[in-house]
Amino acid sequence: MKLLILLAVLGIVIADVVILNGEEDHKAKKRCARVCSGTTGRGPTRTKWMDYPKEGIYVDVDISGCKFLKTPTITTSLEGSSSHWVVRGTSSVYFAKPGSFRVYIHGDKLRKEFANKYQWNVEWIAVGYKC
């Protein structure tokens with residue numbers, strides 16, 4: 001009890017992370033669970049959109065800083081200042097690995113210049129194991 005009070009006074013938070021199931025069969029201990037989140041960032045210097053043939057764009061997202069041992073469960077959302085509500089693929093994750101994944105966005109005549117103009121970026125949360 002004294003330890004919990006000391007941690008509270010120091011501003012240290014003890015989080016409870018529970019992973020009920022996932023894509024990988026992993027029998028890790030509860031202390032190994034990790035939640036990691038981030039964004040690709042607004043603007044063309046942050047989110048490196050690439051044109052995909054025909055009507056779409058994609059971006060590769062680096063999550064290596066999370067240091068997952070196996071591929072985590074990843075949830076994504078597309079954020080921006082305008083027009084991102086009309087496209088498809090905003091929550092579709094491709095090529096997921098412990099350190100990266102890709103998102104494809106499809107829209108009529110969509111090119112990277114449009115995404116950059118409206119500061120589109122990928123917001124993400126990954127849940128997996130660190131040990």
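## Definition and basis

A disulfide is a pair of cysteine sulfur atoms within 2.5 Å. By this rule the count comes to two disulfides, and with bonded cysteines counted along the chain they follow the pattern 1-4, 2-3.

The model is predicted: local features need pLDDT of at least 70, side-chain atom pairs count only at pLDDT 80 or more, and totals for chains, interfaces and linings use all residues. Residues are numbered from 1 along each chain as its sequence is written, and side-chain values use heavy atoms, with hydrogens and water left out.

## Cys32 and Cys131

Cys32 is joined to Cys131 by a disulfide with an S to S distance of 1.9 Å. The torsion about this S-S bond is about -95 degrees, so the disulfide is left-handed. The pair links distant parts of the chain, 99 residues apart: Cys32 lies in the loop between α1 (2-10) and β1 (33-39), and Cys131 in the segment after β7 (121-129). Helices (H or I, at least four residues) and strands (E, at least two) are DSSP runs, numbered from the N terminus.

Cys32 is buried, with a relative accessible area of 3%, whereas Cys131 is partly exposed, at 33%. Buried means under 20% relative accessible area, exposed over 50%, and partly exposed in between (1.4 Å probe, protein chains only).

## Cys36 and Cys66

The other disulfide joins Cys36 to Cys66, S to S 2.1 Å. About its S-S bond the torsion is about -75 degrees, so this disulfide is left-handed. Cys36 sits in strand β1 and Cys66 in the loop between β3 (56-62) and β4 (73-79); the two are 30 residues apart and link distant parts of the chain. Both Cys36 and Cys66 are buried.
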